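Please look through the structure below together with its sequence. The report that follows takes up its nonpolar core and then some details of its backbone.

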Amino acid sequence: MRNKRIILCVILSCLLAGCSLFSPVNTEPNTRFLIHGIPCHVIKAPMRRVSVLVLPPVTDPVYDTTQMAYTTGSHQVAYFAKSSWAAMPSQMLQPLLVQTLQDTHHFRTVSGMSGWYSDDVVASQILLLQQDFTVCPAQFKIVVRVQLINSSTNTVKATKLFTVTEPMRRHNPAAGVDAANRATATLLKHIAVFCVHHI
């Protein structure tokens, strides 16, 4: 009897937190979503005569798609049928990173254009970008590795792995997108600090 009460309490706790014991709910019609979260405030630093090139992020093949990924179990990934990204994650993230680094006022120029002369290069890799329904409440998680490379010597100056998670307010793709934008803004803020300190 006591065990039944414990199980009932766990189920009720999850339901009250907006969680489900089953697959995520996808009630929207076919919809394409944007990642456009950018930090409201970024680190400011004295301007240096340094030009920076931001490369498009290399993306793990699982997330190198406009399909929107989620997981409901360990070592599993699935994609929403009616919800997708409006562009590839790397295409959405690169201009946001360029804008964030420009907002620091620390660099003479920041560009995402290939062939642009630069003193340093910001190279990144998206390792994970998905909605996670294995936890309660569900959350969006993004993992990105960033390398700073000296253009003249082609040597790596610094490397750092960034992991950001944001809780989802509801159990559907749109709530995941909202969390994705909050996570991206936090991620960009951390990357800006990293770049300012090492370039």
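## Terms and basis

Contact here means that heavy atoms lie within 4.5 Å. The model is predicted, with local features needing pLDDT of at least 70 and side-chain atom pairs counting only at pLDDT 80 or more, while totals for chains, interfaces and linings use all residues. Residues are numbered from 1 along each chain as its sequence is written, and side-chain values use heavy atoms, with hydrogens and water left out.

## The nonpolar core

A nonpolar core is a set of buried Ala, Val, Leu, Ile, Met, Phe, Trp, Tyr and Cys residues joined through side-chain atoms within 4.5 Å, where buried means under 20% relative accessible area, exposed over 50%, and partly exposed in between (1.4 Å probe, protein chains only). The largest such core has 50 residues, and the members that touch the most others are Trp85, Leu101 and Val122. Helix 3 (residues 173-198) gives the most to this core, with twelve residues; helices (H or I, at least four residues) and strands (E, at least two) are DSSP runs, numbered from the N terminus.

When neighbours within four places in sequence are left aside, the contacts of Val122 include Val52, Leu97, Leu101, Val146, Cys195 and Ile199.

## Backbone details in the loops

Most residues other than glycine have a negative phi, and most peptide bonds are trans. The peptide bond from Cys136 to Pro137, however, is cis, with omega near 5°, and Pro137 belongs to the loop between strand 7 (120-132) and strand 8 (139-150).

His75, although not a glycine, has a positive phi of about 60°; this residue is in the loop between strand 4 (67-71) and strand 5 (78-85), and His75 counts as exposed because its relative accessibility is 87%. His105 is not a glycine either and has a positive phi of about 60°, in the loop between helix 2 (89-103) and strand 6 (107-111).
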